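Dear colleague,

Please read them alongside the coordinates.

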Amino acid sequence: MPAPEISGMIGAMKDDNRFGAYLKSRRARLDPASLGLAAGRRRTAGLRREEVAQRAHISATWYTWLEQGRGGNPSAEVLDRIARALMLTEIEREHLFLLGRGHPPEARYRGGDAITPRLQRLLDALPFSPAIVRTATWDVVAWNRAAAAVFTNYDALPAGQRNILRMIFTDPRVRAAQFDWAAMARAVVGAFRVDAARAGADAEVAPLVDELCRASPEFAAMWNENEVMPQGDGAKRLRHPVIGPIALEYSSFAVDGRPDLSMIVYNPATPDDAGRVRALLASRADPAGPDAVLDAVDK
């Protein structure tokens with residue numbers, strides 16, 4: 001085989017070794033001194049292969065083979081060790097798994113972090129469309145003014161009581177606002193099961209499930225049905241105590257980089273519904289009260 005063809009094949013093999021190239025690039029950016037390693041004279045930037053291997057508790061030979069593209073398919077446990085050794089972020093860890101195993105890592109639930117100010121500003125930029133951000137355990141962690149007016153004044157609730165399932169199955173006011181409570185509740189339980197599993201939050205939801213099974217025989221029955229349902233988009237009808245019946249269309253959006261969060265935006269289904277939401281929001285600042293504002297809208 002002519003030399004140029006051999007050279008071309010070697011180049012193609014190197015180009016195809018994206019996994020090894022990614023490992024090399026990640027170790028090159030680490031500072032040995034900051035990790036307590038002797039800096040000394042190094043031929044290349046970053047950590048040596050054997051130093052990464054030692055931090056990952058794998059053999060230096062195998063790690064070298066992985067970078068060279070001849071180490072086989074590493075297990076998820078090994079990739080986790082390497083990710084920790086290279087101090088990868090969540091998105092970098094996911095990319096490592098995609099290159100090394102062909103699919104993302106198993107979800108690891110991380111709850112408790114506050115949403116970013118940018119995400120809150122996005123909610124607030126929807127003045128007449130109720131919008132919330134909920135966790136995989138269905139705790140509402142952010143909302144806009146329209147959501148507080150149409151659904152629940154979340155500010156008035158303790159943080160631990162802002163759980164959607166808890167409100168649906170234990171709050172008579174929330175139950176009375178639904179046109180078809182049973183169908184809605186069953187759909188919510190099915191979607192909740194999907195969200196918790198997808199985010200790797202089964203252990204985190206277990207106390208809530210136990211609590212609701214004791215508090216609500218209806219929840220216990222629905223949970224034991226083991227149904228799963230999507231909740232990407234749909235329609236919702238409510239009996240609001242001030243503005244009366246209202247129809248909404250909702251869409252659910254993933255929050256990039258946060259598998260534990262989703263944003264749900266509810267748009268008024270008709271111009272009349274939109275007018276009622278506007279009137280409700282105006283009534284909160286109008287001394288004449290909601291009746292006067294609604295009369296003005298109806299005229």
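Are Tyr250 and Tyr266 buried or exposed? Both are buried, where buried means under 20% relative accessible area, exposed over 50% and partly exposed in between, with a 1.4 Å probe and protein chains only.

Some conventions first: this is a predicted model, in which local features need pLDDT of at least 70 and side-chain atom pairs count only at pLDDT 80 or more, while totals for chains, interfaces and linings use all residues. Residues are numbered from 1 along each chain as its sequence is written, and side-chain values use heavy atoms, leaving out hydrogens and water.

The structure holds 8 aromatic pairs, counted when ring centres of Phe, Tyr and Trp (its six-membered ring) lie within 6.5 Å, with planes under 30 degrees apart called stacked, over 60 edge-to-face and the rest tilted. In one of them, the centres of Trp138 and Phe192 are 6.1 Å apart and the planes stand at 90°, so this pair is edge-to-face. Trp138 is buried at 1% relative accessibility, and Phe192 is buried at 0%. The rings of Tyr250 and Tyr266, with centres 5.7 Å apart and planes at 50°, form a tilted pair.

Ring pairs also join Trp138, Phe169, Trp181, Phe192, Phe219 and Trp223 into a cluster. Arg193 lies over the face of Trp223, 3.8 Å from the ring centre, and Arg278 lies over that of Phe128, at 3.9 Å; the criterion is NZ of Lys or CZ of Arg within 6 Å of the ring centre and within 35 degrees of the ring normal.

Best regards
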